[in-house]
Amino acid sequence: MKKPKWVVEKEQARKAAGSETVWLFGLHAVRDALLNPKREKLRLIVTKNASDKLADAIAQGGIEPEVVDPRKFSAPIDSGSVHQGAAMEVKPLNWGSLSENCIGAESPRVILLDRVTDPHNVGAILRSAEVLGASAVIGTRHHSAPETGALAKTASGALERQPYLRMRNLADTIVELQRMGFLVLGLDGEADDTIETALDGRRDHPVALVLGAEGPGLRQKTKETVDQLVKIDAAGGFGSLNVSNAAAIALYASKAH
């Protein structure tokens, strides 16, 4: 019997995901990946200078480096990438399920991204999330920045330590978090309430903050699914914040005292 089209497409997607690899580049990103026991490492290309700088991490990483002439750096990365003589092919990280990452911490904080596709923004958000103690950063499988070398370099190591989940559907994920007891707040510059007023007397609650792409902001479906729309308390009269800056400020403003 012929398989239904949706079954075939699902199997193809699973196979493609299984064969997917990422090239990380830059001393910091490669070092942190080498030191991450959860990271499956496939190929390491380094110059002699980079090999010397990464010697301790290479020893722990359990991978034999290919030492190349700087003029013949052959890693398949964008020619404009600042690789600092180090690039490594790896498998994307598998952080597990929503509940595995979002339940357990006292008063957990989670960031959700609605169609934020710029890897530099997502990398910066991962960095802030790690510093400010977020349990996870959550995007979608489509229309969100995938794990890439540019994202890893901007994250400055946080990609190896800060859970970055990519879920099938953002609205369904919001509903699942609500069932887990999260108060889900959507960031919208036109909202009446600030983060602080929305959390008055509720800072001990698990909180999820949803941020949209710069320009379009949150989609209508997202606005309808969150518990409340909130804004960052601003001094007024100036332009909107970059989404990565907004994420850092929102996380800080939502901290449990």
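Select Glu130: this residue is partly exposed, with a relative accessible area of 29%; partly exposed covers the range between buried, under 20% relative accessible area, and exposed, over 50% (1.4 Å probe, protein chains only). The model is predicted, so local features need pLDDT of at least 70 and side-chain atom pairs count only at pLDDT 80 or more, while totals for chains, interfaces and linings use all residues. Residues are numbered from 1 along each chain as its sequence is written, and side-chain values use heavy atoms, with hydrogens and water left out.

Glu130 lies in helix α6 (residues 119–131) and Arg161 in the loop between α7 (149–155) and β7 (164–167), so the pair ties together parts that are 31 residues apart in sequence. A salt bridge here is a side-chain nitrogen of Lys or Arg within 4 Å of a carboxyl oxygen of Asp or Glu; helices (H or I, at least four residues) and strands (E, at least two) are DSSP runs, numbered from the N terminus. Arg161 is partly exposed at 41% relative accessibility. Now include Asp32, which is linked with Glu130 and Arg161 in a network of salt bridges.

Next, select Arg43 and Glu66, a salt bridge with its closest N and O atoms 2.8 Å apart. Arg43 sits in strand β2 (residues 41–47) and Glu66 in strand β3 (residues 66–68), so this pair ties together parts that are 23 residues apart in sequence. Both are partly exposed, Arg43 at 31% and Glu66 at 32%.

Last, go to Asp69 and Arg71, whose salt bridge has its closest N and O atoms 2.8 Å apart. Asp69 is partly exposed at 29%, whereas Arg71 counts as exposed at 74%. The structure holds eleven salt bridges.
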